[in-house]
2 protein chains.
Amino acid sequence: MSKKLDQLKEILGEVSDVNHAASVLGWDQQVNMPSAGGEARGQQLATLGKISHAKSTSDEVGKLLDDLKKEYEGSDSDDAALVRVAARDFDKATRVPGEFVAKQAVVTTSAFEAWVEARGKSDFSIFLPHLEKVMDLMREYVSFFPPSDHPYDALLDDYEPGMKTAEVQEIFSKVRTKQVKLIKAIAAAKQVKSDFLRKGYSEKKVWAFSETIISQFGYDFSRGRQDKAAHPFETSFSVNDVRITNRYEPENPLATLFSGMHEGGHAMYEQGISPAFDRTPLAHGVSSAVHESQSRMWENLVGRSQPFWEYFFPKLKKAFSAQLDGVSAKTFYKAINKVEPSLIRVNADEATYNLHIMLRLELEIGMLDGSVALKDLPEIWNAKMQEYVGITPPDDSKGVLQDIHWSAGLFGYFPTYALGNLVSAQLWEKINKDIPDLDEQIRAGKFDALLGWLREKVHVHGHKYDPQDLIKKVTGSRIDSAAYIRYLTGKYSDIYGL
Amino acid sequence: MSKKLDQLKEILGEVSDVNHAASVLGWDQQVNMPSAGGEARGQQLATLGKISHAKSTSDEVGKLLDDLKKEYEGSDSDDAALVRVAARDFDKATRVPGEFVAKQAVVTTSAFEAWVEARGKSDFSIFLPHLEKVMDLMREYVSFFPPSDHPYDALLDDYEPGMKTAEVQEIFSKVRTKQVKLIKAIAAAKQVKSDFLRKGYSEKKVWAFSETIISQFGYDFSRGRQDKAAHPFETSFSVNDVRITNRYEPENPLATLFSGMHEGGHAMYEQGISPAFDRTPLAHGVSSAVHESQSRMWENLVGRSQPFWEYFFPKLKKAFSAQLDGVSAKTFYKAINKVEPSLIRVNADEATYNLHIMLRLELEIGMLDGSVALKDLPEIWNAKMQEYVGITPPDDSKGVLQDIHWSAGLFGYFPTYALGNLVSAQLWEKINKDIPDLDEQIRAGKFDALLGWLREKVHVHGHKYDPQDLIKKVTGSRIDSAAYIRYLTGKYSDIYGL
């Protein structure tokens, strides 16, 4: 049997090589490529995608998997996990016909262009006919899979394997009530000062400070690099080449520090995966939510915490003495955690972020099952924003048209952002039990015990376990909102004296 | 028939995409990749190479070509050229068995490592057994092709299609006598002053000056970029994304200007190819020698000319007033053209460069036909260096071990460097007939007529014509040394008052 496993690994190794090559091309496109190179790059990526799909859905792979599944049934070895994950990927990929994939590429390319125009003109009617086509595709995609409790399950499963819509809805309904209440209490409290966060911090010095922080966290620059791009992201070409991008926005200069920690968190996950999994489907983070739990933990639970800034604020003040003159560590800590109901998801603070996600999930479910008419989206969006966050967008570009996701056919992705927040807090409670002096370590600028814990419990396993099994194994329960609510309430009660 | 042509273009388009993807990965490896990423990158490149080879040597391609060759015989259309070049590539690629390609990769990987060690220790005996294996491979490679007048023909043909060894030898024998004589005359003349070329020119300012020059030449930065790498090179991902690399050596700071012009020359060739050829085998420069004629023309015939520095020297002096205090444009011009017999090919001046190449060609031919015993290489190398250039290497690291080419199995490549010099002068004489005021244009910093001429006569055609046919079509004769000898003699007679 080991000969068949070797054959499978050989083919999957080549698929991994092709996919990683595509990732290099994608990274280059965002970081270096002269704009004129875009058309050819699109063709190159389409060809690599086609090759990867053909290789991973071949009859040869199907036959190997059929035999190997029987052989490895019931085993919990790495090889058994490889066979299980590969079989799952194969099943999903072979259900979707090549013609559908090609049609989807055409529809989403037009939809993206229409969305750019619609957002620019703040005119939803330009996007509407394209969104209708995208929804037809989504429904067709769902039809390739066995019936489930809810059609949205098939979409969600692509990002959060094994997670069901009903479970997410149940979790979110608990979170929503409590977060809405918390925001109202904060709105009624004395507001915090934050004007010093906007005062001309030089790009070069902010960038250097960002690299100091993530190096100290444990992001390994000898196996990665940070480059400038329009949007911060993390991408991996092997366990030994995991890169991040970042940006600098003059109107919000210190955001670079937090996006660096966020992408660094994703990257440390990928750098920590067992090298034995390289060139296999196990060499990736296990799900979008678990990935997001890592980025949000380093960004928020570490990077927006009081102990963290007790250590780093004196250094920041040294680098930016004029900007931070007269500001204390505590004032700075409060400022970077200021809660401000806002229209745009990507700028939202921790207290409101999940509400932006819940709104999107409710709409996506309604769009898919037909209970939300697409033409009514702007109106429903605005009503929900008022209900959850307490403000109404002045126009659709700051409302229903703000995100790229729907134009790209990325349905099912949004909820994992909020689930990642919940998981980060579940892990955090467990870590603080296992490392009781974690706060003091952070106050001393030491992160090795924290990273070591994450490596051992989460990172090294890559895609070996089902995500919920992994979370339960590590924290004792499946994804749950209690820890996150405790974290949020505790943090903001202190900051706002609730 | 057009359906078959479409099918062929579709497959060759995908092959081109995969090859360009590999080029992006290679560029990234030299420019950005953290060193730890090397092993995975090697596997990714091997997989892309395997896919490209399988796609381009499939039975389907063979059958399409058989039919299309008959259809397009005798035509000189672009499509006929595509079929002809594709058929030639197919014939070459299918003659070489996959096992040979795999064996070659193994042998040259070890040979490269041995060469690095041997050069470091200046110990030829470390490299000798590996070189023996490489030569066995080269002889085996030659055996896959029909018998020719000389076994070296098959190797040369990979870089200079259609060129024969006997023709190169005949050309070189004429050049050698004249260049050796010229060098002796220069050695006996009054030497030129050049110490001011070494005085601490800042990297940042040299780099900016280099980009000013090549922008003014016409290298289009909106379809390319210049990055730092260990070795200067040019690489192309499409006609709209043609990149160059450069370096800065503190001990020879202005070399950056000349390597920028050199790589810029290669890049302007690739940027000038007809966009209609993109994703076909016609979308490349036609041969190594013609490519080198472009790089050497911009570097030497333009960039080391008196009119060029009459325009640029005042600007350079403004940027580097301390370093160039009291230096005139004429003195600077003489200094950058100083002839100094030297041991290392890549540092050689125009007057001696070709002699380094001839030495290598004679040895390669002898190594292949057995008339040169590999163990005697160091001794023969040193004797020929004394005879041609007038100096003897103090050790093998500065002699027979200096070049990477043999360890990589790159036999047949060296002569194209010298042939490129000859072609550059042939083109230059013709250009000066067609643009009689070229010197004055250069003296005014205008290069658009020159680049326009090269685009129309050479660049736009890509790989459409056989290289010698193209050279003859443009200059009136096949590759010939007379123009180059006239150019060298004229230039150095002026500089050294011969």
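Okay, so let's start with Lys330(B) and Asp494(B), whose side chains meet in a salt bridge, 3.4 Å from N to O. Keep in mind that this is a predicted model. Lys330(B) sits in helix H13, residues 329-336 of chain B, and Asp494(B) sits in helix H20, residues 482-496 of that chain, so this pair ties together parts that are 164 residues apart in sequence. Lys330(B) counts as partly exposed, at 31% relative accessibility. Asp494(B) is partly exposed too, with a relative accessible area of 40%.

Now hop over to chain A, where Lys491(A) and Glu350(A) make a salt bridge through their side chains, at 2.8 Å from N to O. This one also links distant parts of the chain: Lys491(A) belongs to helix H20 (residues 482-496) and Glu350(A) to helix H14 (residues 350-369), 141 residues apart. Are these two buried or exposed? Lys491(A) has 7% relative accessibility, so it counts as buried. Glu350(A), at 4%, counts as buried as well.

Back in chain B, there's another pair, Arg345(B) and Asp403(B), with a side-chain salt bridge of 3.0 Å, N to O. Here both partners come from loops: Arg345(B) from the one between H13 and helix H14 (350-369), Asp403(B) from the one between H15 and H16, and they're 58 residues apart. Both of them are buried. If you count over all chains, the structure holds 74 salt bridges.

Tyr413(B) has a relative accessible area of 25%, so we call it partly exposed. Leaving out residues up to four places away in sequence, Tyr413(B) touches Tyr159(B), Ser288(B) and His405(B).

Next, the place where the two chains meet. Chain B and chain A each put 37 residues into the contact. Between them they bury about 2700 Å², with 56% of that on carbon and sulfur atoms. On the chain B side, Asn32(B), Pro34(B) and Gln44(B) lose the most area to chain A, together 17% of what that side buries.

What about charges across that interface? There are six salt bridges between chain B and chain A. Lys50(B) and Glu14(A), for instance, join their side chains in a salt bridge at 2.6 Å, N to O. There's also a network of salt bridges linking Asp28(A), Arg41(A), Asp241(B) and Arg243(B). And you'll find 10 residue pairs in polar contact across the interface. Which element gives the largest share of the chain B side? That's H1(B), with 11 residues. By class, that side has 14 nonpolar, 11 polar and 12 charged residues.

One residue of chain A to zoom in on is Arg223(A), in the loop between helix H9 (203-217) and strand S1 (226-228). At 16% relative accessibility, Arg223(A) counts as buried. A polar atom of its side chain lies 3.0 Å from the backbone oxygen of Val239(A). Among the residues Arg223(A) touches are Asp241(A), Gln271(A), Pro34(B) and Ala36(B).

Last stop, the nonpolar cores. The largest has 130 residues, and Phe332(A) and Trp406(A) have the most contacts inside it. Phe332(A) is in contact with several residues beyond its sequence neighbours, including Phe196(A), Leu254(A), Trp309(A) and Phe313(A). A second, separate core has 128 residues, among them Ala335(B), Ala348(B), Val474(B) and Ile479(B).

Key: Residues numbered from 1 in each chain as written. Chains lettered and ligands numbered in written order. Predicted model: local features only at pLDDT ≥ 70, side-chain atom pairs only at ≥ 80, totals over all residues. Heavy atoms only, no water. Helix = DSSP H or I, 4+ residues; strand = E, 2+ residues; numbered from the N terminus. Buried < 20%, exposed > 50% of the residue type's maximum accessible area, 1.4 Å probe, protein only. Polar contact = N/O pair within 3.5 Å; in protein donor to acceptor, adjacent residues only side chain to side chain. Contact = heavy atoms within 4.5 Å. Core = buried A, V, L, I, M, F, W, Y, C linked by side-chain atoms within 4.5 Å. Buried area = accessible area lost by both parts, 1.4 Å probe. Salt bridge = Lys/Arg side-chain N within 4 Å of Asp/Glu carboxyl O. Nonpolar A, V, L, I, M, F, W, Y, C, P; charged D, E, K, R; others polar.
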